[in-house]
Amino acid sequence: MSSKDYILNALKSSAIAPQAMPVFNVAPRIDDLLGQFETNLNTVAGTLHKEGGLEALQQKVDELIAQGLQVISMVDGIKANREVTDTAHELKDIDYAVIPGDVGVAENGAIWVNNKNLGHRVTPFICENLFLVLQADTVVPNMHEAAAKITLEKGEFGTFIAGPSKTADIEQALVVGAHGACSLNVYLV
């Protein structure tokens, strides 16, 4: 018997028997779902805008455009000054991106986005600042319920975004916006 076979047989003999996946009893719904979502979004350095919906967002986008900033929008009804480009490399100077979110999670303030709504999958990561538009009735209490609502077809990309990008070093110095959007604003509709 080779040493490789000896090691593999030793691993097989000490392996734990396969176990069935646990069944989770989903906790009861949170009384104030949007309040919990807002609290946790603030915890991860995001900001929730509950009033004004798309009209308030369009007003903010108009202000940004008047300041000469580059804004791209993937949300119907929001007019921006940059169009979706053929290549993602042309997005390198985008100051603000407006994209739709699919599902919000109250327990951690995360929002699921799918590449079907992004133009390019790099859009939420290459922009300097990010606006997410989320329907209030798509906020769920926890990740278990969020996972049940998410579907990805073959070749699709999706991710949870929880606040602007953050990184910390061993000295515990937190840097926001180190490798992605420097700010996240979520507009409820």
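Phe157 is partly exposed, because its relative accessible area is 21% and this class lies between buried, under 20%, and exposed, over 50% (1.4 Å probe, protein chains only). The model is a predicted one, in which local features need pLDDT of at least 70 and side-chain atom pairs count only at pLDDT 80 or more, while totals for chains, interfaces and linings use all residues. Residues are numbered from 1 along each chain as its sequence is written, and side-chain values use heavy atoms, with hydrogens and water left out.

**Aromatic pairs**

- A search of the whole structure finds 4 aromatic pairs, where rings of Phe, Tyr and Trp (its six-membered ring) pair if their centres lie within 6.5 Å, and planes under 30 degrees apart count as stacked, over 60 as edge-to-face and the rest as tilted.
- Tyr96 and Phe131 form a stacked pair, with 5.3 Å from centre to centre and 20 degrees between the planes.
- Tyr96 belongs to strand S3 (residues 96-100) and Phe131 to strand S6 (residues 129-134), so their pair ties together parts that are 35 residues apart in sequence; helices (H or I, at least four residues) and strands (E, at least two) are DSSP runs, numbered from the N terminus.
- Tyr96 counts as buried at 15% relative accessibility, and Phe131 is buried with a relative accessible area of 1%.
- The rings of Phe125 and Phe157 have centres 6.4 Å apart and planes at 75 degrees, so this pair is edge-to-face.
- Phe125 lies in helix H4 (residues 123-126) and Phe157 in the loop between helix H5 (143-149) and S8, so the pair ties together parts that are 32 residues apart in sequence.
- Phe125 counts as partly exposed, at 36% relative accessibility.
- Tyr96, Phe131 and Tyr187 are linked into a cluster by ring pairs.

**The open sheet**

- Four strands form an open sheet in the order S7-S4-S5-S8, with mixed pairing; two strands pair if DSSP finds at least two bridges between them.
- Strands S7 (139-140) and S8 (158-161) stand at the edges with a single partner strand each, so one side of each is left without a neighbour in the sheet.
- Strand S4 (residues 103-105) pairs with S7 in the parallel sense over 2 bridges, and Val105 stands opposite Val140 in S7.

**Leu8 and its helix**

- Leu8 is found in helix H1 (residues 3-14).
- At 40% relative accessibility, Leu8 counts as partly exposed.
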